[in-house]
Amino acid sequence: MPPILVADLSRPKGGAFGRRYGGLGHDSHQNGLDADVMYPRRDRAPLAALRPSEVDRALAQDLVDRFRAAGAVKLFVGPHLHLRGPRSIVVPLVYHDDHVHVRIANPGRSARNAP
C-alpha cells in the first residue's frame with residue numbers, strides 16, 4: 001500500500017481552527033477524536049487526489065474497512081467513490097472525495113455513549 005497521508009487532526013491544545021488553521025468546517029476536529037486521512041491514489045503519488053478518478057477505490061475501500069475493524073464510530077466518505085459499510089458508520093458526505101473523515105470512540109465514554 002502507498003503511504004497514508006494524514007491531514008487535519010486538531011490544534012496542539014485544541015480549540016477552533018479559524019481562518020488561520022484551514023477555516024470553517026472542522027468543529028469536530030477540536031477534541032482529538034477526528035482526523036482526515038487522504039485516500040490512496042491510483043498512481044501511488046503521495047498527494048491528495050484532485051478528483052475521484054484519481055482515487056484507488058479498492059485501496060480506499062480497504063482503508064475504510066480497516067478503520068471499521070479498528071473500531072471507528074463514524075467514517076465520512078466521498079459520495080462519488082461508492083464506498084461501502086454499515087450506514088450508521090460509513091456515511092457519504094460532500095467534500096470528502098479526497099479524504100475519509102475518521103472519528104474514533106471517546107476512550108472516556110462507554111461504547112453506547114460514543115459520539
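Modeller: What follows takes the labels in turn, and the model is a predicted one.

Colleague: Why is Val6 called exposed?

Modeller: Val6 has a relative accessibility of 53%. Exposed means over 50%, so Val6 counts as exposed.

Colleague: Why is Ile4 called partly exposed?

Modeller: Its relative accessible area is 36%. Buried would be under 20% and exposed over 50%. Ile4 falls in between, so partly exposed is the term.

Colleague: Which residues make the nonpolar surface patch?

Modeller: Ile4, Val6 and Leu9 make the patch, at about 250 Å². Ile4 sits in the segment before strand S1 (34-38). Val6 is in the segment before S1 too.

Colleague: What is Val6 in contact with, leaving aside neighbours within four places in sequence?

Modeller: Asp36 and Val37. As for Ala48, Val6 is 42 residues from it in sequence, with 9.9 Å between the C-alpha atoms.

Colleague: How do you know that helix H1 has close to its expected span?

Modeller: H1 covers residues 57-69, which is 13 residues. First C-alpha to last is 18 Å.

Colleague: What makes Asp56 a cap?

Modeller: A side-chain oxygen of Asp56 lies 3.2 Å from the backbone nitrogen of Ala58. The cut-off for a polar contact is 3.5 Å, so the pair is within it. The capped end of H1 is the N-terminal one. Just after H1, Gly71 has a positive phi of about 105°.

Colleague: Which residues of H1 are buried, and what covers them?

Modeller: Leu59, Ala60, Gln61, Leu63 and Val64 are buried. The cover includes S1, strand S2 (74-77), strand S3 (90-92) and strand S4 (99-103).

Definitions and conventions. Residues numbered from 1 in each chain as written. Predicted model: local features only at pLDDT ≥ 70, side-chain atom pairs only at ≥ 80, totals over all residues. Heavy atoms only, no water. Patch = residues over 30% accessible without salt bridge, like charges linked within 9 Å, V, L, I, M, F, W, Y side chains within 5 Å. Areas by Shrake-Rupley, 256 points an atom, 1.4 Å probe, with all protein chains shown as cover. Salt bridge = Lys/Arg side-chain N within 4 Å of Asp/Glu carboxyl O. Helix = DSSP H or I, 4+ residues; strand = E, 2+ residues; numbered from the N terminus. Buried < 20%, exposed > 50% of the residue type's maximum accessible area, 1.4 Å probe, protein only. Expected span 1.5 Å × (residues − 1). Contact = heavy atoms within 4.5 Å. Polar contact = N/O pair within 3.5 Å; in protein donor to acceptor, adjacent residues only side chain to side chain.
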